[in-house]
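Welcome! Let's take a friendly walk through this structure, one question at a time.

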Amino acid sequence: MTDTTISTDDASTVRPAGAPGRVSQAIANLPETAALLFVLVGLIIYFSIASEFFFDFDNFVNIGQNSAVVGIIAMPATILLIGGQVDLSVGSVAGLLGMTMAVTTTATDATTTPYGLGAGIGLAILITIGLALAIGFFNGLAVTKIGLNSLIVTLGGLAMFRGLAKVLGDGQTIRLNGFGDLGVSRPLFDIPTPVYIFIGVSIACHLLLKYTVYGRSIYAVGSNPQAARLAGIRTDRVLFIAFVLTALAVALAAMIRVSQIGSASTNAGSGFELTVVTAIILGGASLSGGRGSIAGTFLALLVLNTLQNGLIQTGVPSFWIEFSEGALLIIAVSFDRLRVRLGGAG
């Protein structure tokens, strides 16, 4: 019988069964946003080859502008989802707030709507912000004080606020003149103002989550509300603030949209809620709360809009664009699950 010995060098290369290899461990150690960054770079390379018009400064500015309005809403909505709550009414609220602003400035004797106040732009902005605060208070109180499920509250709000927008506008499109600078001006490097606002809101929300007591509290509340309450965190106030921040962001986005279009329609903002929720989940947030980041949502929005822009330029029909967005969501989530599984195995 011959004894078999294993040298020290050989032993170092033998891994226990089930342990990940170097490549797997490298994947496991990647940050949560790595998958999105990888996909974004891949999309840019592919569409730059497929379309001669894609890799152009003006086209990248266009992608940023298309990301801005929804992105401004998605940032505080990410904070809300980290806290374990969701707002499905953001699209309808944006439509209502835009219509409120347009109707407020409409002359009192106008035939388009019986609710015109003939007010100036300044008063219209104040009324719009006031209504946004009221909606944020309503959602926050319904969830934290009455104890209603945020999904039900905001799903009801989705229908209520859309109906109110139609009542205010009498079912018509209302024009708004003299408010074009916010949405269309290009103060620096020929980049539209909404892109700068989007970046500013993203940085502010990132700092809020990363470096403040409130940021740590919202993660704790989303992970385990009861444990957070026992630890002395005022969970109701934390969630209430998140609802109000989301409503204020919707007001800002609504004003930008009205400024860009020069009018408010009864269907404005339709579909915002789907894009916002898709971007947040694609960015790594969990529907059960306690997990997510502003950087992830930011990259997810760029991925979604880059994909849409590239597919349009390559002549892909619109229904395939919707299909691709869904497939992208599944691929990104699958990669993230692989990363988490390999991390656990290590």
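## Helices and pockets

Q: At roughly what angle do the axes of helix 9 and helix 12 cross?
A: This is a predicted model. In it, the axes of helix 9 and helix 12 (residues 235-261) come within 12 Å of each other. They cross at roughly 170 degrees.

Q: Is helix 9 roughly parallel or roughly antiparallel to helix 12?
A: Angles over 145 degrees count as roughly antiparallel. The two axes cross at roughly 170 degrees. Therefore helix 9 is, relative to helix 12, roughly antiparallel.

Q: Which residues in helix 12 are met by Pro194, Ile197, Val201 and Leu208 in helix 9?
A: By class, the contact of these helices has 7 nonpolar, 1 polar and no charged residues. On the helix 12 side, the residues that meet those four are Leu245, Leu252, Ile256 and Gln260.

Q: Does Ile199 count as buried, partly exposed or exposed?
A: Ile199 lies in helix 9, which covers residues 193-211. Buried would need under 20% relative accessible area and exposed over 50%. Because its relative accessibility is 37%, Ile199 counts as partly exposed.

Q: What distance separates the C-alpha atoms of Ile199 and Gly64?
A: Along the chain, Ile199 and Gly64 are 135 residues apart.

Q: Which helix gives the most to the lining of the largest pocket?
A: The largest pocket holds about 570 Å³ of space. Of its 20 lining residues, the closest to its centre are Gly271, Thr275, Asn305, Gln308 and Glu325. Helix 4, helix 12, helix 13, helix 14 and helix 15 each supply at least two residues of this lining. With 5 residues, the one that gives the most is helix 15.

Q: How many residues of the lining of the largest pocket are charged?
A: This lining divides into three classes, including 7 nonpolar and 10 polar residues. The charged residues number 3.

Q: Which helix gives the most to the lining of the second largest pocket?
A: About 260 Å³ of space lies in the second largest pocket. Of the 14 residues that line it, the closest to its centre are Phe60, Val61, Ile63, Gly64 and Leu302. Helix 3, helix 4, helix 9 and helix 14 each supply at least two lining residues. The one that gives the most, with 5 residues, is helix 4.

Q: How many residues in the lining of the second largest pocket are nonpolar?
A: By class, this lining has 2 polar and no charged residues. Its nonpolar residues number 12.

Technical notes:
Residues are numbered from 1 along each chain as its sequence is written. This is a predicted model: local features need pLDDT of at least 70, side-chain atom pairs count only at pLDDT 80 or more; totals for chains, interfaces and linings use all residues. Side-chain values use heavy atoms; hydrogens and water are left out. Buried means under 20% relative accessible area, exposed over 50%, partly exposed in between (1.4 Å probe, protein chains only). Axes are lines fitted to C-alpha atoms, for helices over the stretch in contact, and angles run from 0 to 180 degrees between N-to-C directions. Angles under 35 degrees count as roughly parallel, over 145 as roughly antiparallel, 65 to 115 as roughly perpendicular and the rest as oblique. Contact means heavy atoms within 4.5 Å. Ala, Val, Leu, Ile, Met, Phe, Trp, Tyr, Cys and Pro count as nonpolar, Asp, Glu, Lys and Arg as charged, and the others, Gly among them, as polar. On a 1 Å grid over the protein atoms alone, a cavity is a set of points where a 1.4 Å probe fits but cannot get out, and a pocket is an open set with protein on both sides within 12 Å along at least five of seven lines; lining residues have an atom within 4 Å of a point. Grid points are joined across faces, edges and corners, and a volume is the space filled by probe spheres set on the points.
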